[in-house]
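Hi,

Here is the structure I promised to pass on. Have a look at it first, and then read my notes below.

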Amino acid sequence: READHRAWTPVSYTVTRQNATVQGLIEGKAYFFRIAAENLIGMGPFTETTKEIVIRDPITVPDRPEDLEVKAVTKNSVTLTWNPPKYNGGSDITMYVLESRLIGKDKFHKVTKEKMLDRKYTVEGLKEGDTYEYRVSACNIVGQGKPSFCTKPITCKDEIAPPTLDLDFRDKLIVRVGEAFSLTGRYSGKPAPKVTWLKDDIVVKEDDRIKIKTTPTTLCLGILKSVREDTGKYCVTVENSTGSRKGFCQVNVVDRPSPPVGPVIFDEVYKDHMVVSWKPPLDDGGSEITNYIIEKKDTHKDLWMPVTSATVKTTCKVPKLLEGREYQIRIYAENLYGISDPLISDEMKAKDRFRVPDAPEQPVIKDVTKDSAVVVWNKPYDGGKPITNYIVEKKETMATRWVRVTKDPIFPGTKFKVPDLLEGCEYEFRVSAENEIGVGDPSPPSKPIFARDPIGKPSPPVNPEAVDKTKNSVDLSWQPPRHDGNGKIIGYLIEYQKVGDEEWKQANLTADSCPETKYKVTGLTEGLTYKFRVKAVNAAGESDPAHVHDPVEVKDRLEPPELILDANMAREQHVKAGDTLRLSAVIKGVPFPKVTWKKEDHEVSPKADIEVTGVGSKLEIRNTVHEDGGMYSLTVENPAGSKTVSVKVVVLDKPGPPRNLKVSDVRSDSCYLTWIEPEDDGGSVITNYVVERKDVASAQWVAISSSSKKRSHMAKYLMEGTQYQFRVAAENQFGRGPYVETLKPIKAIDPLHPPGPPKNLHHVDVDKTEVSLAWNRPDRDGGAEITGYLVEYQEDGADEWTKFQTVPMLDCVVTGL
């Protein structure tokens with residue numbers, strides 16, 4: 001029951017344990033409790049708590065403080081902060097205990113001696129470079145709780161942090177004239193950064209209107225009553241030893257524009273309208289000019305009348321004027337922020353004041369060529385309107401009609417190159433000026449000129465040199481001048497000077513006597529040394545002289561012969577039969593050498609054409625035949641020496657006939673042919689042989705082999721008893737050579753052998769001077785009918801047999817014994 005109530009409230013009726021949890025109590029109230037035991041018989045007496053119990057949570061030491069953080073570190077101090085424990089143990093926190101431990105030591109030591117309830121503390125008097133870790137505990141009436149988690153090891157040294165910058169303004173700011181504005185922001189950094197304000201890269205200084213305020217964390221630039229000159233690019237720089245940060249703002253202080261820039265120019269004035277122009281304001285107020293307002297006023301009246309209030313051009317037509325009246329014009333400039341003060345013109349009378357241009361002065365003609373001339377004139381008075389075009393005309397002096405030289409406009413230049421003149425004709429030119437009113441009078445005609453190229457003296461001849469000499473003459477040669485002065489070169493003047501003399505003598509009296517670029521100076525003295533020079537001459541006169549580089553000693557020149565071989569004088573020259581053989585070489589030498597051509601050390605064939613010129617020699621043989629091949633030699637000789645070159649000429653032709661054609665191993669159906677290669681292969685490898693046969697009774701030859709590369713052939717498929725002739729020819733890439741034939745016909749029969757010996761030779765009768773013999777036919781006749789038997793005798797004891805006679809029968813009587 002509650003202490004201030006008398007009624008008891010049951011908690012549980014079914015408790016069998018010796019404890020119970022009473023729920024639903026109210027914190028802070030006092031209660032009494034009682035307990036009774038019960039069995040089957042019934043409930044026993046209650047036992048009551050002796051004193052009231054106040055309901056509250058049990059009190060313990062606080063939990064560990066949270067979020068212990070290092071806020072600042074210097075070389076001799078550390079600043080820490082923390083948050084209270086999540087649970088204070090049921091009792092208010094009475095103080096905090098901060099402890100530190102030097103790294104390398106085991107024990108923590110209290111930092112604070114006094115009672116501390118703040119959750120921020122700066123530990124001072126530390127030694128620079130030492131490293132500590134820290135923890136903090138909370139205390140209540142029960143005692144000191146668990147310490148917080150330790151900080152990371154902290155080394156005592158001045159803390160460094162690069163600057164940060166947080167600005168309250170954007171990149172651009174527009175301010176009306178007279179208004180105030182400020183640029184603010186926050187910054188940080190260790191060590192404390194330096195703050196600098198710049199405008200257009202110049203340091204901003206404080207004065208009556210400009211205020212700068214800087215705290216350890218904030219910065220501000222304020223300007224009171226802004227003026228147009230405050231426009232610019234502002235920059236704030238926050239800088240310490242670790243770096244810098246910058247912020248920018250383009251401030252545009254805007255105002256209405258200044259007046260347009262005068263004076264007002266009257267570009268055009270007529271009896272009923274004018275065209276005026278002006279220049280834009282020097283200061284547009286920081287905002288683009290959106291409009292000009294133009295008004296007019298008759299000077300006899302005080303009323304300004306609007307002309308237009310909607311133009312951005314700096315020119316305007318002022319209409320509806322009364323002829324003869326004087327007018328003033330005033331012009332305002334307008335932008336988004338207002339209208340400027342006006343620009344007021346001088347007075348101007350409305351009347352026509354323009355006319356066509358005056359006639360130019362007489363033009364001058366320059367740079368005349370055979371087909372063009374440059375006309376030059378001075379600009380005339382323009383009649384009050386700008387000149388827009390010039391008209392240039394030409395005419396031949398004998399003609400009456402002037403012709404425009406071009407339909408295209410000629411402006412703004414005051415000269416023009418007139419094309420398409422006829423060479424040799426005489427021309428005059430005149431010029432008229434044109435403006436928008438019309439074309440003015442033409443100028444007086446120019447002085448007449450002839451259309452022809454101007455002639456100047458030519459440049460000197462190029463590279464004169466002595467190319468030959470004798471005991472009394474020197475041959476000179478040179479190239480034409482690079483520039484002929486636009487006139488035809490008539491010829492050249494040649495002069496010479498004996499070394500040591502001052503006087504130059506002329507080798508030719510007139511230039512047209514030497515139109516070529518060479519000359520032989522004669523009548524010189526042998527053994528003396530001379531200098532030479534050459535001048536080019538045209539209608540305008542003589543060029544400067546060009547000198548032969550070195551003096552020349554006059555004497556006969558000896559140069560040994562020299563042969564410069566053409567490509568056809570290589571070591572070996574091949575030419576096809578029937579084509580033309582050409583051998584040639586360039587020959588040098590002084591005096592010019594004697595030229596000799598030979599073939600195999602003999603005179604060359606009469607059919608050869610030999611040509612000798614002053615620079616070389618050529619041998620030519622048309623319709624070459626194989627016999628024209630051989631070793632050709634060219635010999636050149638003069639008193640200074642001789643030189644010989646040789647070339648082997650091969651005339652490529654069909655080969656000659658094979659040699660030594662023989663027939664052997666004759667059979668009834670075949671025979672074997674052999675031969676030797678031709679003496680002359682025609683200058684090319686023999687590719688094959690052609691073998692043919694002919695029945696002596698036939699006129700037709702028949703090929704039996706046309707591709708054999710061997711020098712023999714087995715002729716097969718003969719008819720027994722038939723007589724044949726054979727022939728062989730050689731072929732190369734140029735054709736088939738002549739045939740060689742067998743000397744006599746070959747009969748296709750098997751070969752004959754001697755018959756066997758007669759059999760059974762015996763005598764049938766004997767006398768004192770003769771013996772009768774008889775015998776039988778031999779076993780074999782050798783392949784042919786036996787035509788007779790040869791009878792021989794020998795005296796007993798002798799070495800040699802003596803022939804008696806040949807008999808046709810199988811018996812014989814030997815007499816004379």
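A disulfide here is a pair of cysteine sulfur atoms within 2.5 Å. Keep in mind that this is a predicted model. By that cut-off, the structure holds 0 disulfides. Take Cys-156: the closest cysteine sulfur, in Cys-150, is 16 Å from its own sulfur, so the two are too far apart for a bond. Cys-156 counts as buried, because its relative accessibility is 1%. Cys-316 is buried too, with a relative accessible area of 8%.

Nonpolar side chains tend to be buried together in soluble globular proteins. The largest nonpolar core in this model has 20 residues, and Leu-583, Trp-597, Leu-619, Tyr-632 and Leu-634 have the most contacts inside it. At least two residues of this core come from each of strand 49 (581–590), strand 50 (594–599), strand 53 (616–621), strand 54 (630–638) and strand 55 (641–652).

You'll find it in the loop between strand 46 (552–553) and strand 47 (559–565). Is Leu-558 buried or exposed? At 54% relative accessibility, Leu-558 counts as exposed. Leaving out residues up to four places away in sequence, Leu-558 touches Val-590, Pro-591, Pro-639 and Ala-640. Ala-640 is 82 residues from Leu-558 along the chain, yet their C-alpha atoms are separated by 6.3 Å.

Strand 2 (34–38) and strand 3 (43–48) each supply at least two lining residues, with strand 2 giving the most, 5 residues. By class, the lining of the largest pocket has 17 nonpolar, 7 polar and 5 charged residues.

The second largest pocket holds about 410 Å³ of space. Of its 19 lining residues, Pro-758, Leu-761, Leu-790, Val-791 and Glu-792 lie nearest the centre. Strand 66 (771–776) and strand 67 (789–793) are the elements that give two or more residues to this lining, and strand 67 gives the most, with 5 residues. The lining of the second largest pocket divides into 16 nonpolar, 2 polar and 1 charged.

Cheers

Technical notes
Residues numbered from 1 in each chain as written. Predicted model: local features only at pLDDT ≥ 70, side-chain atom pairs only at ≥ 80, totals over all residues. Heavy atoms only, no water. Core = buried A, V, L, I, M, F, W, Y, C linked by side-chain atoms within 4.5 Å. Buried < 20%, exposed > 50% of the residue type's maximum accessible area, 1.4 Å probe, protein only. Helix = DSSP H or I, 4+ residues; strand = E, 2+ residues; numbered from the N terminus. Contact = heavy atoms within 4.5 Å. Nonpolar A, V, L, I, M, F, W, Y, C, P; charged D, E, K, R; others polar. 1 Å grid on protein atoms, 1.4 Å probe; cavity = no way out; pocket = protein on both sides within 12 Å on 5 of 7 lines; lining within 4 Å. Points joined across faces, edges and corners; volume = space filled by probe spheres on them.
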